Amino acid sequence: MSNKVLRYSPPRRGGVARQLNRSWRAGVVSSAERSGPADHPVCAFASLGASSFEASPYRARASRPPLRGGECIAFFLFALLLLSACHRAMPEQATWAGTIDLAQGNVHVPFRMVLDLRSGKTAGYFLVADEKTPIPEITRQGDSLMFGFSEYGAEMRGMWNGARLNGTYIRHRTQGNTLLNFSAVPEVASNIRTGVRSSGAEFPSGKYQVFFEGDDRSQSTTLATFWMKGETLHGTFIAPDGDYGLLVGNPSGGKVQLNRFTGWQAIAITLEQRSGMWAGNYFFQNDKPRGFTLSAPADIDSVPLPNRRTTLKNPEAGFTFEGVSISGETIRSSDDRFKGKPLIVDIMGTWCHNCLDSGPLLDELQRRYVNDGLEVIGISFEVSNDVELAKKNLQLFKERNGLTYTMLFCGSLEDENVNKRLRSQLNNFFAYPTTLFVGRDGKVQAIHSGFKGPGTGEEYQAQIREFHELAEKLVK
């Protein structure tokens, strides 16, 4: 819309015509003043004018005579022109700020994403602090956007209204779907506050033991770790099967809400001080929140190990597997290609965020020790038993993480399948991923349950060192 004087001379000064003159009396409208269709007076008036005009000919003629035919057409066309000019196109490249609603809309989780919607280059990722989680599939049709998370059985569908993207996140499960509302705007026009300055407020720091309400305190094996970076609090919970992923938030007034949204995860952890202790609630999607308290800072080594430890039922027999590759080939542990080779067998799923974290490390190990014969095999258990869907998900998983090692589909997560393939060979199998380090003789030398991702800080680095040491032992 160019800078120029807008004039309109209505035949009468009643109803819509009076609003028209009053709204346009100021005269000059600059395109630089438009912050959005709902924010600009001309855009707001155009919307009001069009709807009022539609009804005006049928109202009481004695109080306000209708506009004449030619004037009605001119007014209607002009109102449509204004509305069209105020509807901004969806940006092709932008960083977006949004919120997604958890706990039946009672908790609002801020998120950020970067999208490139140019034709032929559609791509994007979610940002949690500096951590990037790619969006596997993005489809655009006009003003509608669809993000697909096939591996997790979820999707996001949104519609651009000229100012913001509004829509629904859907997590598909046989026992019922989860629906979460979301809204996002390009950051240049963002009124969403993704953080509040801490102003010297207190915040948790270091490691704490987590005690969930209703659980036996003596059996608690979950830790929390927190650290400040600038004015943003970073942290996560660490369970025996892995961490919850990096969460971030800004302390204010002795309270903080840590947030994480990546398409796979929608999490909020609220914290506040109560009688000198930190306590709060853990929110995951629309599940019932879990209350918890944090103990005084704890040494990770002092926290009790889980009651169960994954071991091989028959160490002499080794570990066997069978699955379908992305190309459709059936591959078995008994194949000649594996004989006399050191192997790392990773029990995983493309839906598992801890598996997303471990994949790049496993690929690094294969690249480093490939000349020593080391081979990594990912055996995947998926949400669905659909073979073609599983092959697609495995390919997406590999592409997203730049992985080169072999991945096999071994069926669904249903108990019958998992019991047959895994629990028949393993005692106390409980975590995805579970990583087996297999020597050249076919015997399992070590089993590592779970994986602690980058959000755990030093624990993550210690784990990297541990995996490298175990790989070196295999190839000797």
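Start by selecting glutamate 382, which you'll find in strand S25 (residues 375–382). Keep in mind as you click around that this is a predicted model.

Is glutamate 382 buried or exposed? It's buried, and yet it has no salt bridge. Show arginine 400 too: that is the nearest side chain of opposite charge, and it sits 9.0 Å away. A salt bridge would need the charged atoms within 4 Å. What the side chain of glutamate 382 does have is a polar contact with the side chain of threonine 350, at 2.4 Å. Now bring up the surroundings of glutamate 382: leaving aside residues up to four places away in sequence, it touches a set of residues including Glu151, Trp351, Asn393, Phe409 and Leu413.

Next, zoom out to the sheet that holds S25. Seven strands make up this open sheet, and from one side to the other they read S23-S22-S26-S25-S24-S28-S29, with mixed pairing. Pick out strand S23 (330–332) and strand S29 (444–449): these are the edges, and each has a single partner strand, so one side of each has no neighbour in the sheet. Ignoring direction, neighbouring strands here are turned by 30° against each other on average.

Strand S22 (residues 322–325) runs antiparallel to S23, and three bridges join the two.

Now colour helix H5 (residues 387–401). Which strands does H5 lie across? They are S22, strand S24 (343–348), S25 and strand S26 (406–412), and the helix runs at about 145° to S26.

Move on to another open sheet, this one of nine strands with antiparallel pairing, in the order S6-S5-S4-S3-S11-S10-S9-S8-S7. Its edges are strand S6 (131–134) and strand S7 (137–141); each has just a single partner strand, so one side of each is left without a neighbour in the sheet. The twist from one strand to the next averages 25°. Within this sheet, select strand S8 (residues 144–149) and strand S9 (residues 154–160), an antiparallel pair with six bridges. Leucine 145 has glycine 158 in S9 as its bridge partner.

Last stop: the hairpin of S18 and S19, with two residues between the strands. In the turn, click serine 275, which has a positive phi of about 55°. Strand S18 (residues 266–274) pairs with S19 in the antiparallel sense over eight bridges, and arginine 274 stands opposite methionine 277 in S19. Finish with strand S19 (residues 277–284) itself: six of its eight residues are buried, so the rest of the structure largely encloses it.

Methods
Residues are numbered from 1 along each chain as its sequence is written. This is a predicted model: local features need pLDDT of at least 70, side-chain atom pairs count only at pLDDT 80 or more; totals for chains, interfaces and linings use all residues. Side-chain values use heavy atoms; hydrogens and water are left out. Helices (H or I, at least four residues) and strands (E, at least two) are DSSP runs, numbered from the N terminus. Buried means under 20% relative accessible area, exposed over 50%, partly exposed in between (1.4 Å probe, protein chains only). Lys and Arg count as positive and Asp and Glu as negative; His and the chain ends are not counted. A polar contact is a pair of N or O atoms within 3.5 Å; within protein, one must be able to donate a hydrogen and the other to accept it, and residues adjacent in sequence count only if both atoms are side-chain atoms. Contact means heavy atoms within 4.5 Å. Two strands pair if DSSP finds at least two bridges between them. Axes are lines fitted to C-alpha atoms, for helices over the stretch in contact, and angles run from 0 to 180 degrees between N-to-C directions.
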